[in-house]
Amino acid sequence: MHLFFYISILYLLILKCCGIHIVNNVLTEDSGYVKASSIADIMNYTIDINRYNLDLKGITLAFEVKACASVHILLSSSDVKNSLLPLYEIRLGGWGNIKSHLLYRADDSLTAESMYFKEVDTPNILNCNVYLPFWISYTGGHIGYGIGLLVGENALSNVINTNKVEVRGIGVLVSYNYGRSAEWKIQLEVSDKFVGRFDSCSMDNNKADMAAVDDIQCPSQIECATRCGLSKFCMGYNFNGALKRCELLWFISDIVTDIPHHMEAGWRFFSKCFNGITACLGCYF
């Protein structure tokens, strides 16, 4: 069980994350000919890319994918892959890599009345051997997707859905890809809300190798945690009780693919947690 350390502070602490993104590397096997318009339990075919329930309200998603054809990204109102609930499907490179579509599905009835569909011509939008970049944005019922990593540029489609589905889960899959798998590099933005909770991820004698914002003498762990909590630059800390030393830490890059550690007696790394206790970055990788 993770060791949670909670600081009681009289006011709510809000951390501005300065655009920290977590990168997921995902491999999806060819699922055969499946799509949300014809498969009721479509979410069961997907791989969940939001393992730690990051805040998905007003989501912007940047990703790169290497595939021959027909990759799908599903934005669901369920966080447990319940295909009965409303969802969006964006399919890139369908029909043998010549068309892409945006589909809204209100339920799993598969009736024409329960779905909205918009298709565009996108010849050779995917490549079997090269990672190509795309983006998706969703806020307040307005969903769009396009080519590149700059959200809003080179849009392929934009739709306003007045139902304003709250996105709680994201799944990816590849279908009819000539029997080949698809490789993904997907960036998810971390919620900027921090309420004073840290997690050590149960790693004794472990020290994180991150950029040090400060290296100070601290008589107690709670003082070290409080200093980190009050700093918008601090994303976690190393603490050594015997030495009474506290290292306040920050990521070297705003795109996080790993948090390197090394074994060192007496030290323990704690990372800030977001979205309650679910998104503790030190435990993510």
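**View 1. The buried residues of helix α2 in this predicted model are C224, A225, C228 and G229.** Helix α2 itself spans residues 221-230.

**View 2. Strand β12 is covered on both faces.** Here we look at residues 169-174, where six of six residues are buried. On one side lie G169, G171 and L173; on the other are I170, V172 and V174. As a reminder, side chains in a regular strand alternate between the two faces of the sheet.

**View 3. Strands β3 and β5 each run antiparallel to β12.** Strand β3 (residues 47-48) is joined to β12 by two bridges, and I47 of chain position 47 stands opposite V172. Strand β5 (residues 71-76) is joined to β12 by six bridges. In this pairing, look for H72, which stands opposite L173.

**View 4. S100 is a buried residue in strand β7.** The strand covers residues 99-105. With a relative accessible area of 1%, S100 falls under the 20% cut-off, so S100 counts as buried. The side chain of S100 makes a polar contact with that of T122, at 2.7 Å. Neighbours within four places in sequence aside, S100 is also in contact with several other residues, including R91, L92, G93, K118, E119, V120, I125 and Y145.

Technical notes: Residues are numbered from 1 along each chain as its sequence is written. This is a predicted model: local features need pLDDT of at least 70, side-chain atom pairs count only at pLDDT 80 or more; totals for chains, interfaces and linings use all residues. Side-chain values use heavy atoms; hydrogens and water are left out. Helices (H or I, at least four residues) and strands (E, at least two) are DSSP runs, numbered from the N terminus. Buried means under 20% relative accessible area, exposed over 50%, partly exposed in between (1.4 Å probe, protein chains only). A polar contact is a pair of N or O atoms within 3.5 Å; within protein, one must be able to donate a hydrogen and the other to accept it, and residues adjacent in sequence count only if both atoms are side-chain atoms. Contact means heavy atoms within 4.5 Å. Two strands pair if DSSP finds at least two bridges between them.
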